[in-house]
Amino acid sequence: MDSVFIDVNQKKSQISRHIYGHFAEHLGRCIYGGFWVGKDSPIANKNGYRLDVLEAFKEVDIPNLRWPGGCFADEYHWKDGIGPKENRKRMINTHWGGVVEDNSFGTHEFMGLCEELGCKPYICGNVGSGTVQEMSEWVEYITFSGESPMSKLRTQNGHADAWKLDFFGVGNENWGCGGNMRAEYYADLYRRYQTYVRQYGEDKIFKIAGGPNVDDYHWTEVLMREAARFMDGLSLHYYTFEHDWDHKGKALSFNEDDWYSTMKNAYRMEELVRRHDEIMTKYDPEKRISLVVDEWGCWHQVEPGTNPGFLYQQNTVRDALVAGITLNIFNNHSDRVKNANIAQAVNVLQSLVLTEGDKMVKTPTWHVFKMYKKHMDATLLNSTVSSSGCGKDNLFVPGLSVSASVAGNDEYTVTLANPDLEKSKTVVVNFANLGKKLTAVSGEVLAGEKMTSCNTFDNPNEVAAKKLQAKIQDDNTVVIEMPARSVASFTAC
């Protein structure tokens with residue numbers, strides 16, 4: 001029997017809702033055909049925004065959305081995407097698929113999307129091929145309400161009022177597609193560029209520096225040493241592969257070894273967060289600066305017959321386990337991880353939503369985000385897990401992933417992931433120092449009949465959350481039943 005011990009007196013950091021952020025790049029069908037279909041589309045829309053996709057993301061309480069990239073950001077020139085549609089530049093998207101980018105979705109459309117979703121905008125600026133002036137003018141165009149050339153241009157383009165810009169990334173993957181820079185060089189560039197990301201008025205822009213790739217601890221050391229006082233966040237990118245970058249597996253065809261290899265790679269996020277946090281703490285002991293994991297998730301081979309540059313992949317219960325494990329890690333490190341963005345929102349990599357024509361389906365990952373949303377802005381509780389591992393040989397992984405929080409009037413939320421392919425588990429969750437009796441418990445569980453179970457346009461509810469078997473025992477203990485390969489969430493009070 002597996003057990004979880006939660007000390008309700010050991011309240012820790014707040015779990016920022018922005019850990020549950022999303023990412024929309026001009027890549028494949030994420031923007032076009034995903035969030036945006038245009039006002040003249042026969043697909044149901046509101047001012048060009050696809051209604052079924054909007055509703056799906058509202059259901060998970062999307063807190064923020066990162067745009068326009070990704071690698072696309074460091075070749076994006078924002079003035080190409082403003083003004084009358086017929087006057088906007090058409091060009092080839094050289095990063096993703098070699099298709100024509102007509103810039104019909106630009107700054108106004110993105111800020112409008114965030115307004116429709118009720119989420120905070122996170123814009124990533126162009127350092128790789130852009131200028132300081134270009135970045136400075138973009139911030140001015142979006143946020144300045146006074147008299148200036150950029151505010152006048154914004155008004156001419158139909159939006160007299162300034163917008164509130166919450167998050168701004170100064171470049172993307174500058175160690176790679178964003179310029180192939182050395183850490184020392186980018187640190188100086190960051191210091192320079194961020195100077196001109198002006199704060200107009202009282203609304204502070206949260207400035208995010210381009211951080212390391214996976215385990216490049218030297219990059220973190222240099223950026224923190226040279227530029228910590230100029231940043232509010234430092235990004236980290238880490239994708240979960242079936243094996244590694246050169247050995248991406250198929251999304252729908254894999255075996256037991258592939259399953260556990262993926263789980264092992266998902267659990268590696270714990271080590272990465274911990275070690276980058278240790279470096280950051282040398283220069284920021286008060287943990288003012290967020291580790292912003294703004295690209296994470298599973299990266300498989302593209303689906304057969306699709307454009308390889310579109311990164312379209314199916315999404316199974318295996319991906320749901322990766323999401324559950326990863327979000328638990330972020331919650332448990334919420335003193336340092338305060339922002340994160342799964343890659344990506346629609347039709348790209350580990351999407352929450354897939355579309356095809358007028359059809360839309362919610363993936364198993366969508367269900368995990370919905371099950372976990374009660375953690376948003378709640379207070380992390382210290383939890384200890386006792387569980388036998390699972391897997392085999394060098395692919396052995398922890399048998400249970402857990403995070404717990406408290407919110408409101410002592411409402412306790414616990415999320416768990418069971419990566420065991422074969423074994424169901426009875427999990428005993430003990431709440432210590434409760435000071436009262438638990439009187440109610442309810443929850444959901446997500447599991448797949450097979451390890452490759454997924455939702456399709458013909459069968460959209462193959463993997464969906466169902467009622468969790470949970471009961472209160474001995475006043476302060478909850479006992480739940482978790483199937484093999486499942487993610488669960490329950491709330492007790």
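Buried means under 20% relative accessible area, exposed means over 50%, and partly exposed falls in between, with a 1.4 Å probe and protein chains only. By that scale Cys 493 is partly exposed, because its relative accessibility is 31%.

Before going further, please note that this is a predicted model, where local features need pLDDT of at least 70 and side-chain atom pairs count only at pLDDT 80 or more, while totals for chains, interfaces and linings use all residues. Residues are numbered from 1 along each chain as its sequence is written, and side-chain values use heavy atoms, with hydrogens and water left out.

## Cysteines

A disulfide here is a pair of cysteine sulfur atoms within 2.5 Å. The structure holds 1 disulfide. Its partners are Cys 71 and Cys 177, with sulfur atoms 2.1 Å apart. The disulfide is left-handed, because the torsion about the S-S bond of Cys 71 and Cys 177 is about -90 degrees. Cys 71 sits in the loop between strand 5 (64-67) and strand 6 (91-92), and Cys 177 in the loop between strand 9 (167-170) and helix 5 (183-195), so the pair ties together parts that are 106 residues apart in sequence. Helices (H or I, at least four residues) and strands (E, at least two) are DSSP runs, numbered from the N terminus.

Cys 71 is buried, at a relative accessible area of 12%, whereas Cys 177 is partly exposed at 28%. Cys 124 is in no disulfide, and the nearest cysteine sulfur, that of Cys 177, is 9.3 Å away. With 1% relative accessibility, Cys 124 is buried.

Strands count as paired if DSSP finds at least two bridges between them. An open sheet of 10 strands runs in the order 21-20-24-18-17-16-1-19-23-22, with mixed pairing. At its edges are strand 21 (466-467) and strand 22 (469-473), each pairing on one side only.

Strand 1 (residues 2-14) pairs with strand 16 (residues 379-386) in the antiparallel sense over 7 bridges, and Ile 6 stands opposite Ser 383 in strand 16. Strand 1 also runs parallel to strand 19, joined by 6 bridges; there Phe 5 stands opposite Asn 430. Strand 19 (residues 425-432) is largely enclosed by the rest of the structure, because 6 of its 8 residues are buried. Strand 19 pairs in turn with strand 23 (residues 477-482), antiparallel and over 6 bridges, where Val 427 stands opposite Ile 480.

## Salt bridges

A salt bridge is a side-chain nitrogen of Lys or Arg within 4 Å of a carboxyl oxygen of Asp or Glu. A search of the whole structure finds 27 salt bridges. Here are a few of them:

| Pair | N to O distance |
|---|---|
| Lys 46 and Glu 116 | 3.2 Å |
| Arg 88 and Glu 109 | 3.2 Å |
| Arg 225 and Glu 226 | 2.8 Å |

Lys 46 in strand 3 (residues 45-46) and Glu 116 in helix 2 (residues 107-117) link distant parts of the chain, 70 residues apart. Lys 46 is partly exposed at 40% relative accessibility, while Glu 116 is buried at 18%.

For the second pair, Arg 88 lies in the loop between strand 5 and strand 6 and Glu 109 in helix 2, so the two tie together parts that are 21 residues apart in sequence. Both Arg 88 and Glu 109 are buried.

## Cavities

On a 1 Å grid over the protein atoms alone, a cavity is a set of points where a 1.4 Å probe fits but cannot get out, and lining residues have an atom within 4 Å of a point. Grid points are joined across faces, edges and corners, and a volume is the space filled by probe spheres set on the points. The count comes to 2 cavities of 30 Å³ or more.

The largest cavity holds about 40 Å³. Its lining includes Arg 66, Tyr 122, Glu 173, His 237 and Asp 294. Strand 10 (206-209) and strand 11 (233-240) each supply at least two residues of this lining.

The second largest cavity holds about 30 Å³, and its lining includes Tyr 76, Trp 78, Glu 134 and Trp 138. Helix 3 (residues 132-143) gives the largest share of that lining, 3 residues.

Notes. On a 1 Å grid over the protein atoms alone, a cavity is a set of points where a 1.4 Å probe fits but cannot get out, and a pocket is an open set with protein on both sides within 12 Å along at least five of seven lines; lining residues have an atom within 4 Å of a point.
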